[in-house]
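Please read them alongside the coordinates.

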Amino acid sequence: MNSFGQHLKKFLVENVRDYAMFVALIAIMIVFEVLSGGTFLSPDNITNLINQTGYLAVLSIGVTLVIVIRHIDLSIGFLSGFLGAVAANLMMFYHFNAFTAILVVLLLGALAGLLNGSMVAYLGIPSFIATLAGWMAYRGALLLATRGMGTIIIKNETFNAIGNGFIPDIPGLENFLPGYHKLTLFLGIVAIIAIIFSSISSRRRQIQRGIEPIPFDMFILEMIFITAGLFYITLKIAAYNGISWTLLIVLGVTMIYYFITERTVLGRHIYAVGGNPEAAQLSGINVKKIILIVFTSMGMLAGLSGILFASRLKSATTTAGTMFELYAIAGAYIGGVSAAGGVGKVVNSLIGAFVMQTLQNGMLLLGVDVSLQYIILGVVLAIAVIFDVATRSRVH
Amino acid sequence: MNSFGQHLKKFLVENVRDYAMFVALIAIMIVFEVLSGGTFLSPDNITNLINQTGYLAVLSIGVTLVIVIRHIDLSIGFLSGFLGAVAANLMMFYHFNAFTAILVVLLLGALAGLLNGSMVAYLGIPSFIATLAGWMAYRGALLLATRGMGTIIIKNETFNAIGNGFIPDIPGLENFLPGYHKLTLFLGIVAIIAIIFSSISSRRRQIQRGIEPIPFDMFILEMIFITAGLFYITLKIAAYNGISWTLLIVLGVTMIYYFITERTVLGRHIYAVGGNPEAAQLSGINVKKIILIVFTSMGMLAGLSGILFASRLKSATTTAGTMFELYAIAGAYIGGVSAAGGVGKVVNSLIGAFVMQTLQNGMLLLGVDVSLQYIILGVVLAIAVIFDVATRSRVH
Amino acid sequence: MDTPLIELRNISKSFGEVQVLFDVNMKVKEGEIHCLVGENGAGKSTLMKILSGVYPYGQYSGEILIEGHPVQFHSIRDSEKAGISIIYQELSLVPEMMVYENIFLSNEIRKGLVVDTEKEIDEAGRLLKMVKADYISPTAKVKNLSVSMQQLVEIAKALSSKPKALILDEPTSALSELESENLLNLLKELKARGMTIILISHRLKEVLQVADSITVLRDGRSVAYFDRREQEVDEATIIKYMVGREIANLYPPKIAEPTDEVVFELKNWTVINPSTGRYLAKDVNLKIHRGEIVGLFGLIGAGRTELGLSIFGNPYGYTVQGEMFVEGKQVNPRSPAEAIKNGIFYLTEDRKERGLILIETIRKNIALANLEAVSRGLIVDDEKEIQVANNFVKRLSIKAPNVEAKISTLSGGTQQKVLVAKGLFTEPKVLILDEPTRGIDVGAKFEIYTLMRELAKEGKAILLISSELPEILGMSDRIYVMGRGRITGELSADQADQETVMKYAID
Amino acid sequence: APKQAAKQKVIGIVLPTKDEPRWIQDETRFNDALKDTDYSAEIMFSQGDPAREKQNVETLIGQGIKVLILCAHDAVAAAASAEAARDAGVKVISYDRLILDTDAVDYYVTFDSVEVGRKQGQYLVDHASGQNNPLYLYAGALSDNNSFLFFQGAWEVLQPKIADGTFVIANSTKAEALKDKNSLTRDEIADIIGQITTNWDFNTAKNLAQANLSSAPKTLKGNVFILAPNDGTARSIADTFAADPDITSYVITGQDAEKPSVQYIIDGKQSMTVFKDVRVLVRDAINAAITYLEGGEPEATTTYNNGVKDVPSKPSEVQVVDKSNVREILIDSGYYSESDFTWPTE
Ligand SMILES: Nc1ncnc2c1ncn2[C@@H]1O[C@H](COP(=O)(O)OP(=O)(O)OP(=O)(O)O)[C@@H](O)[C@H]1O
Ligand SMILES: Nc1ncnc2c1ncn2[C@@H]1O[C@H](COP(=O)(O)OP(=O)(O)OP(=O)(O)O)[C@@H](O)[C@H]1O
Ligand SMILES: O[C@@H]1[C@@H](O)[C@H](O)OC[C@H]1O
Ligand SMILES: [Mg+2]
Ligand SMILES: [Mg+2]
């Protein structure tokens with residue numbers, strides 16, 4: 001028993017950085033749940049929260065890589081807004097179907113990102129200022145794109161489902177577990193099993209490689225936490241309408257980016273360029289190409305964010321995208337990305353975006369005055385980063 | 001004659017960086033003058049332009065030093081707005097007189113800057129994120145400060161004169177040069193003479209030290225340009241209401257900051273910290289102190305900007321300060337400050353801020369559509385920086 | 001066969017309008033160790049960067065031949081394919097990444113779409129063993145390794161592409177004698193296994209220890225080629241070709257004897273890294289007399305830099321205990337500024353990163369640490385500053401068009417002199433020189449040594465921190481040896497020889 | 001929001017933004033009106049952000065409200081929020097701005113925005129005599145649909161007078177080009193607004209007014225007429241015109257009867273404002289909500305078509321306030337108290 005306590009302490013101290021965000025998120029959630037008298041963790045609010053975060057989450061993920069390679073992108077907010085308006089225009093006035101419109105918008109986003117990337121990589125313009133120019137230009141472009149109608153109502157069911165709909169349930173199971181979304185339960189359980197299996201096998205490999213793994217009791221503890229957490233969320237979501245399309249997309253994007261950053265050559269090169277650009281260059285990595293790729297991916301995600309946002313509101317508005325960039329960047333920083341480059345995980349940025357949105361959602365539930373909301377957000381952001389810096393320097 | 005041509009060419013090529021901004025500014029002005037059929041350079045528009053730039057110019061000057069020491073301050077916009085609202089509150093509800101209110105606000109600004117500086121210097125938080133937290137917090141604070149009525153009307157003649165009034169003329173000279181503001185003419189001529197004298201003496205010293213000065217013909221040319229330019233502006237302003245209080249303040253701030261950066265030990269230390277913080281530290285410079293000083297000065301200038309803005313509108317509004325930071329930073333970048341640290345002149349940033357405002361003012365005069373205004377601004381910003389980077393690398 | 005493995009013919013290269021290589025020729029035979037020597041700025045690194053594809057075909061003129069066949073490298077990858085692998089002068093690892101990730105950077109082992117991590121870790125282990133560094137874990141983060149360990153990782157990385165030829169650009173400049181020794185042995189072993197090696201070094205002792213053949217570059221021209229299997233060469237000959245004149249003695253003779261007066265003293269000086277609790281220096285007792293040059297020798301990581309910094313006002317906030325005296329008076333400087341006021345100046349070993357402001361002018365750098373002296377009140381007197389800078393330029397024969405020249409345009413040796421000038425302008429009584437000749441060439445070295453002698457004569461107390469034993473032995477009146485944070489020995493100049501000092505150092 | 005534990009929190013109110021004074025007034029009035037009922041309400045602000053607006057609505061639904069009073073930041077984009085509420089069985093009252101293109105609106109309380117514009121235009125027409133009076137046009141934000149309605153109403157009234165030469169447009173080439181057309185398309189209005197927009201921002205209004213005055217020849221100065229879209233921008237535009245020595249007199253419109261502008265009217269610095277009695281609007285909204293809560297249908301005097309459905313509505317009167325009737329309408333009715341202002345000592 002005593003050794004369990006010791007293990008736990010050691011584990012927590014050593015991994016404080018990696019788990020701090022989760023702990024913070026859970027703590028914040030519990031506080032809101034108590035203060036709101038149980039509404040915060042209600043199935044519908046959890047689902048809302050997820051859908052509210054979607055368009056920021058994908059931006060946070062994209063901008064994480066931009067910050068990892070020591071750059072910044074301020075243009076993403078209005079780019080997202082502008083591209084949402086383009087999608088609306090395409091569908092409503094040029095009769096594109098949803099899929100083609102989405103494709104075109106993602107492509108345009110990639111192009112816009114490529115342009116930013118080229119200015120940074122080939123002309124050597126500091127990204128702050130290159131993308132600030134984009135910020136202005138896309139703001140104007142958004143006004144142009146929406147000026148015909150002001151707001152463009154999107155009347156495309158397929159498109160609008162992205163931000164408002166849910167995946168269908170398995171047909172023919174209406175009487176089994178009524179009130180629950182069966183496919184959601186099923187997918188949740190599959191995910192849990194997959195995670196447990198892959199954790200066990202990665203632990204086994206660690207041992208084989210002679211790398212000391214975390215103690216067995218801690219491992220079990222970790223598994224219990226993950227399982228419980230995932231199962232809880234699955235249950236909550238399933239008790240409402242199940243997995244929303246937004247959630248599915250965000251999860252998909254996260255998994256793709258997780259995979260790219262953690263497992264592929266490209267991912268490794270991105271972190272190398274961020275960690276030491278000269279070294280990366282001298283190792284034969286084409287640094288400019290990496291910059292282009294990262295900015296292009298950012299542009300594409302801005303397009304996706306614009307789609308999620310427009311779909312959620314079933315319309316493109318004249319001010320869509322305002323301040324998105326700042327919130328997305330804040331999410332990434334809360335998730336622990338470092339301005340010094342080379343450090344930052346997409347999953348953590350996703351959590352960071354959720355922390356931001358959870359705070360806002362919770363404060364809305366509690367009826368906090370909007371002026372105080374801003375102040376509290378600012379303070380929490382500062383605390384999060386102070387904590388981050390403090391724990392990081394301790395481990396160092 | 002031929003040698004004059006050669007000198008001119010060589011001179012222009014070598015000094016393209018330093019003069020580019022002036023040339024760009026003059027070019028833009030001429031374009032607008034022609035397109036507007038002579039209104040752009042009318043006495044009243046020049047005066048308006050100066051007054052419209054004031055609150056951004058002081059921010060640009062302050063943020064130049066922040067960027068020089070390799071940091072950024074995003075909080076300055078809403079801080080400026082918030083402090084303007086504080087001034088309004090103090091005068092309207094607590095019956096402070098204008099001077100005390102201004103003093104308190106400058107002090108509060110300095111304190112806010114000190115707080116930012118401490119987070120950066122002592123807690124090691126990246127300035128981007130520390131000041132993003134401030135951005136949120138001050139936005140909330142501004143809403144709180146104006147929440148009673150939304151807008152606070154300022155009914156203090158002294159205070160409102162700052163943004164709307166002009167310096168008095170010399171009394172008793174009504175019949176001499178009627179239609180001109182004599183004090184303005186006088187001050188303008190004094191300034192021109194001072195500049196000519198100091199240029200001659202600095203040229204003489206260069207020669208004494210064995211540093212090759214610019215060729216004599218180029219020197220004469222430069223003098224003619226400066227004299228003509230200053231005289232032209234003086235005439236214009238004098239033909240309207242003379243020097244505005246805003247202009248006086250901006251000129252004062254510019255001179256103080258010019259003096260500090262170019263002539264004092266503090267200025268040297270600031271640029272040293274920006275050029276190489278490690279080396280500065282090992283030269284006995286207290287780097288943290290310098291960071292504190294620069295952020296504190298920034299905060300104070302944000303206070304001044306808030307005062308200029310509130311005075312100009314004779315009121316404090318809920319959205320005052322929105323985006324100021326981005327425009328101020330853009331001004332500094334147009335003026336050639338470098339994100340790599342250690343490079344950037346306050347006078348150039350002032351010109352940069354003028355370039356931004358000139359564009360906006362000119363486009364308003366010509367009745368350019370707002371959406372296009374944004375796009376044009378973005379494109380000009382990009383071109384300015386591309387040009388900057390290109391000429392810099394050539395000289396290098 | 002007599003065809004060389006690598007041949008460079010008439011290579012010329014310019015940066016902008018400045019030509020730095022002029023028709024350089026070089027031949028490297030298969031399986032030999034070939035050394036490339038020359039003064040700072042002679043063009044060694046540039047030449048090797050051409051050979052390794054950093055400056056691709058088209059950016060230079062001349063020909064590269066591999067096994068007699070002309071080749072065109074358009075990228076680093078091309079040269080790698082041709083079997084050439086290079087370790088750059090600047091360490092080029094990514095600190096935040098793990099050892100195995102660095103080793104396979106841009107050379108990843110793939111399994112379909114993904115990187116085969118397992119295989120990379122195994123393979124990294126094998127490569128580390130090959131460079132006798134199996135004590136380094138492939139999954140350690142590079143930032144947690146010492147400089148010498150990082151150097152070995154670099155070599156493992158270079159070997160990962162299974163090259164025929166390995167180029168090392170000054171691999172030992174940041175290593176101590178012992179570590180250099182190990183590295184040279186490793187190179188010999190690699191040679192024994194058939195590898196061809198090109199080594200660039202300023203340490204001629206090392207060169208003579210391992211070289212089979214030598215190319216000397218001077219001012220961008222190849223001025224000499226020696227094949228030691230055919231002809232004897234000695235240091236003096238090489239130096240003669242390098243600098244274009246004879247240098248009889250590397251170390252100028254003493255011009256005055258130290259006095260008995262103790263100018264600087266440390267008593268029971270202890271320095272602790274507060275975040276790890278590790279002792280960086282423990283119970284150090286040390287004194288320097290007026291006019292004395294005291295050598296402080298130790299292996300890398302012995303803690304000399306930390307000791308120097310702790311004396312110089314402790315800028316990085318170590319925990320410091322003990323007493324310090326300057327001219328008999330106890331002092332307790334809490335920042336570099338206070339240390340400077342107390343007559344102490346420390347010249348960093350890292351002149352580019354921590355010593356100078358590269359984008360600024362000579363004059364501003366020289367005056368920086370003592371601006372008050374050229375100021376009236378809070379205002380800097382430019383005239384006075386320029387005068388001061390001009391005086392130093394003359395006194396130290398700093399080679400520059402004028403004092404308004406930017407530091408970044410100067411050669412390494414000249415930069416080092418500016419750094420020295422900056423230190424001297426604070427008028428220190430005690431001058432701590434940390435690796436003052438690291439990476440600078442023989443000519444510049446000699447000038448720095450001469451200056452040190454003059455300063456000693458003027459009555460300054462000098463602490464010379466160095467990892468080069470000959471330098472310590474050649475310059476010091478007295479020597480302290482440091483090992484793992486402790487003073488392990490003290491020797492007078494006449495007692496000291498290579499073996500004794502080394503013995504204390506590894507003690 | 002005041003905590004009134006005993007009361008049932010079944011009404012949700014969502015207002016556009018705290019960044020505009022107008023809505024801070026509405027918040028106060030709602031709080032006042034609710035004091036005398038058995039219900040309490042949660043009031044939220046969307047800060048001009050439709051996403052936040054939707055988030056607000058979702059939160060309120062989650063809290064179990066039964067009636068939603070929604071003043072959309074963007075009348076069109078709010079459809080998604082309204083539908084979410086409808087799906088949760090919540091009645092939706094559209095407040096001040098009609099939610100368009102959805103059948104998920106149950107009731108509409110409003111001032112007639114086009115009428116606001118007409119009243120502004122009419123005031124200018126009524127005060128102009130003779131020919132060639134310079135007319136300066138200003139508008140709200142391109143991003144606010146109301147800007148279009150206000151301008152449309154004003155244009156309807158002003159255009160014939162421009163065409164007959166009573167007014168000459170001083171500051172918009174786009175409007176000048178369309179001066180013979182009485183009913184404009186949205187695109188045409190957008191073109192004009194793009195040139196004369198204040199963005200509802202005082203500083204932009206001031207910069208624009210200054211630019212206009214700089215480029216106006218003397219013939220377009222003297223006695224001028226100014227269409228200013230609301231009080232905030234009217235004040236900064238009025239200040240700018242007052243500072244120009246070539247302007248002898250100006251007539252300027254406004255809207256909202258903000259306190260500072262009422263003072264301006266008393267002092268003769270602003271000519272008029274269109275008073276939208278928020279109390280009436282608030283009362284109608286609350287009454288409708290209570291009627292719904294108690295199972296009834298609120299009374300409607302007319303309907304508005306929102307593109308999909310005819311929404312039952314009871315529009316409130318808007319009134320012109322100027323120096324002649326300011327005391328009567330704003331003070332005597334108890335909307336503001338006399339001590340809020342300084343009055344000329346006669
Ligand atoms: N990228 C570059 N741009 C301009 N000049 C350069 C560049 N790289 C090197 N040089 C110049 O080319 C010359 C040769 O430099 P190089 O680095 O090859 O010398 P080196 O012999 O390796 O010197 P060291 O012993 O100091 O490493 C120097 O004068 C240097 O300033
Ligand atoms: N807290 C710190 N911040 C910045 N640099 C540091 C800090 N602590 C140590 N350093 C620097 O790290 C470098 C590497 O230190 P290392 O331990 O390898 O050598 P060392 O102990 O200085 O050995 P030597 O005696 O050879 O100088 C040194 O140059 C030292 O100045
Ligand atoms: O009352 C006005 C409102 O209707 C409009 O939408 O925004 C500006 C306000 O002045
Ligand atoms: Mg080299
Ligand atoms: Mg050292």
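**Notes on two interfaces**

1. Between chain A and chain B the count is zero salt bridges, a salt bridge being a side-chain nitrogen of Lys or Arg within 4 Å of a carboxyl oxygen of Asp or Glu. Two residue pairs in polar contact are found across this interface, both at pLDDT 80 or more; a polar contact is a pair of N or O atoms within 3.5 Å, where within protein one must be able to donate a hydrogen and the other to accept it, and residues adjacent in sequence count only if both atoms are side-chain atoms.

2. This is a predicted model, in which local features need pLDDT of at least 70 and side-chain atom pairs count only at pLDDT 80 or more, while totals for chains, interfaces and linings use all residues. Residues are numbered from 1 along each chain as its sequence is written, chains are lettered from A and ligands numbered from 1 in the order in which they are written, and side-chain values use heavy atoms, with hydrogens and water left out.

3. Chain A and chain B bury about 3600 Å² between them, with 85% of it on carbon and sulfur atoms; buried area is the accessible area (1.4 Å probe) that two parts lose on being put together, summed over both. On the chain A side, A:F128, A:M136 and A:Y374 lose the most area to chain B, together 18% of what that side buries.

4. In terms of contact (heavy atoms within 4.5 Å), 41 residues of chain A meet 40 residues of chain B.

5. Within chain A, the domain assignment, which is automatic or from a database, gives domain 1 (21–165 + 244–393) and domain 2 (174–243). The contact between them takes 10 residues from domain 1 of chain A and seven residues from domain 2 of chain A.

6. Domain 1 of chain A and domain 2 of chain A bury about 790 Å² between them, 74% of it on carbon and sulfur atoms. Of the area that domain 1 of chain A buries against domain 2 of chain A, 44% is supplied by A:L41, A:P43 and A:T47, more than by any other three residues. Across this interface, too, the rule finds zero salt bridges.
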